[in-house]
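Please look over the structure before reading on.

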Amino acid sequence: MSVRVRFAPSPTGYLHVGATRSALFNYLYARQKGGKFLLRIEDTDLARSTDESTRSILEGLAWIGLEPDEEIVFQSANADKHRAIAKRLLAEGKAYRDFTPKEAPSDGPVKESIKERARAQGGEKNMRDNPYRDLSTVESDTRAASGEPFAIRLKVPEVGKTAFEDGVFGLQERNYAETEDLVLLRSDGHPLYNLAVVCDDIEMAITDVIRGQDHLTNTHKQILIYEALGVAPPKFAHLPLILAPGGKKLSKRLHGEIVSLTTYRDAGFLAASFRNFLALLGWSASEEQEIYTFEELIEKFSLEGVHRSSAIFNYEPNNPKRWTDDKLIWMNAEYIRTMPLAGLLPFVKAELKAAKLWREEYEPEGRAVAATIDSTESQSFENATEMGDRPAALAINLPQVGSHEWYIRTVDLIRARFFTLKDFSAQGRSYFSEDFDFDPAAIEKNLNKFPDLKNWLPELADRFESEFQEKAYSEENIETVVKAFTEEKGTKLGVIMNGARTLLTGVAVGPSMLSVFEVIGLERTLMRLRSRVAFNA
RNA sequence: GUCCGGUUCGUCUAGGGGUUAGGACACCGCCCUUUCACGGCGGCAACACGGGUUCAAAUCCCGUACCGGAUACCA
């Protein structure tokens with residue numbers, strides 16, 4: 001029988017990081033086994049489920065690359081079938097009507113009150129003491145016919161135990177005595193989670209259930225339902241939980257948007273790096289490798305490699321540098337600087353577009369224009385002004401700047417220092433626009449400390465202008481000119497370079513200045529070196 | 001309370017009777033260097049505790065502590 005797994009989130013909010021990892025492990029497992037990965041939206045809690053949430057889950061899965069192989073199943077659509085099955089179990093005497101009036105919902109956090117009650121009952125509670133458990137069929141039918149409300153509970157056998165071999169946790173056993181007669185159908189006729197899950201898993205022909213460890217006790221309950229139904233249960237595997245730094249289960253309520261997948265997409269993370277990071281949280285291929293392609297993950301994934309202990313997802317809410325897990329940030333940077341450039345380009349394009357920094361000339365079709373520029377001798381910029389559709393006031397002469405070649409070279413140059421895609425439009429802004437900010441710390445350190453620069457840098461611009469009338473504005477030539485200039489002024493190369501860096505890019509960090517000069521282009525270099533805007537700031 | 005599970009550097013983890021207990025992130029230092037990174041080299045840093053088994057225990061067994069999960073007419 002070929003493997004069929006499912007990811008079954010309830011649409012009560014955004015897609016959770018922990019849920020995403022469950023989805024990922026299911027997906028990896030299915031792909032490796034040549035099986036199918038299915039999606040079921042568990043929207044049986046009408047009060048809490050929203051379409052908005054369903055959309056957000058779908059969106060998140062699409063982003064992270066875990067799209068289902070078959071039509072999405074909405075659990076609520078199967079409610080009639082679930083009810084019918086509950087009735088069948090009732091008719092077969094495997095379930096019974098419980099006429100106990102529904103408890104009024106307690107105020108305060110539900111989890112807390114459940115826990116309180118459980119603690120009060122202690123380990124002494126007899127799970128089989130429901131007075132309606134052995135009500136005669138006749139009386140049960142009569143009371144039901146009279147319109148008295150009832151819930152339907154599974155009649156868990158007195159003696160015995162549920163047992164299954166968990167793919168991660170090994171043999172799991174639980175005495176029937178520890179499992180209550182769980183409710184299958186609410187008194188308002190609404191099917192409950194465990195019943196719905198079992199029915200749907202059977203209907204979807206699920207062979208392997210891979211889900212969070214918080215479902216371990218549900219599994220015993222569900223096996224009871226499988227037994228009552230006379231259907232062989234699927235294989236089960238439970239995943240360790242992901243914990244927040246405090247040690248608590250990472251949750252929406254406690255930890256906010258740090259657990260939302262979309263947070264990472266919106267913050268400029270690559271789906272590939274996020275996937276890679278998630279895969280390594282609670283799973284290991286037992287080797288010293290950190291970076292895995294999707295294909296490698298599929299190939300190497302195994303339930304045996306999944307841990308039994310939960311992992312902490314580190315983050316510091318008030319530390320901008322560490323707002324999320326260090327290793328995740330590192331991994332994203334690693335992807336950005338080492339992945340094939342062609343793979344990165346579409347993401348950079350999207351980011352620049354969103355920041356309104358994108359220009360059509362960066363497209364490969366822009367080649368024709370760029371080629372013209374290159375071939376018509378080095379520094380003829382006539383064409384450049386035609387490239388943009390900026391207002392005249394902002395129009396600047398872009399040298400080969402603006403061509404597709406310039407664009408990919410620039411991206412390749414600056415990506416080495418970036419952590420997220422956002423950096424292309426933030427730190428990298430000065431490469432794509434005249435409208436960029438100056439970092440006060442950079443001004444202080446690189447300009448104000450050397451007052452001479454106020455005159456030197458415009459002077460350097462003049463020097464560039466005369467020197468590069470004939471010569472190509474290349475790194476090699478630039479170096480010669482700047483070095484000569486530095487010697488004349490009797491200063492250190494770093495003073496000139498860093499001063500220029502600040503005026504040219506607004507920041508104190510970046511690639512080699514020779515590359516920066518070249519990539520900014522002569523026209524913009526002259527303009528920026530002559531600009532006093534930073535000095536006046 | 002009861003049931004289930006867990007505990008190796010700060011974090012993610014490798015190892016699972018004999019290891020100088022390995023790697024990654026983070027941090028620190030040095031090198032490279034016009035800046036910041038990258039890269040290279042080095043450093044800091046861990047087997048929860050107590051018994052037992054054994055020639056030998058981080059590794060196997062028992063107990064303790066601590067942590068987590070579960071507990072519903074939620075999912």
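Is the crossing of α19 and α22 left-handed or right-handed? The crossing of these two helices, α19 and α22, is left-handed. Bear in mind that this is a predicted model.

**Helix α19 with helix α22**
- Helix α19 covers residues 440-448, and helix α22 covers residues 493-505.
- Their axes lie 8 Å apart and form an angle of about 145°.
- From α19, the contact takes in Ala442, Ile443, Asn446 and Leu447.
- From α22, Asn498, Gly499, Thr502 and Leu503 meet them.
- By class, the contact of α19 with α22 holds four nonpolar and four polar residues, with no charged ones.

**Helix α20 with helix α21**
- Helix α20 spans residues 453-467, and helix α21 spans residues 475-489.
- Their axes come within 11 Å and cross at roughly 135°.
- The crossing of α20 and α21 is right-handed.
- On the α20 side, the contact residues are Trp456, Glu459, Leu460, Arg463, Phe464 and Glu467.
- On the α21 side, they are Ile478, Val481, Val482, Phe485, Glu488 and Lys489.
- Seven nonpolar and five charged residues make up the contact of α20 with α21, and no polar ones.

**Second largest pocket**
- The second largest pocket has a volume of about 330 Å³.
- Its lining includes Pro320, Lys321, Arg322, Trp323, Asp326, Ile329, Trp330, Ala333 and Arg337.
- Phe419 and Thr420 also line the second largest pocket.
- Six nonpolar, one polar and four charged residues form this lining.

**Cavities**
- How many cavities of 30 Å³ or more does a search of the whole structure find? The search finds two.
- The largest cavity has a volume of about 90 Å³.
- Residues lining the largest cavity include Ile414, Arg417, Phe418, Gln427, Gly428 and Tyr431.
- Thr505, Val507, Val509, Gly510 and Pro511 line the largest cavity as well.
- The lining of the largest cavity divides into six nonpolar, four polar and one charged.

Notes: Residues numbered from 1 in each chain as written. Chains lettered and ligands numbered in written order. Predicted model: local features only at pLDDT ≥ 70, side-chain atom pairs only at ≥ 80, totals over all residues. Heavy atoms only, no water. Axes fitted to C-alpha atoms, helices over the stretch in contact; angles between N-to-C directions. Helix = DSSP H or I, 4+ residues; strand = E, 2+ residues; numbered from the N terminus. Left-handed = near helix turned anticlockwise from the far one by under 90°. Contact = heavy atoms within 4.5 Å. Nonpolar A, V, L, I, M, F, W, Y, C, P; charged D, E, K, R; others polar. 1 Å grid on protein atoms, 1.4 Å probe; cavity = no way out; pocket = protein on both sides within 12 Å on 5 of 7 lines; lining within 4 Å. Points joined across faces, edges and corners; volume = space filled by probe spheres on them.
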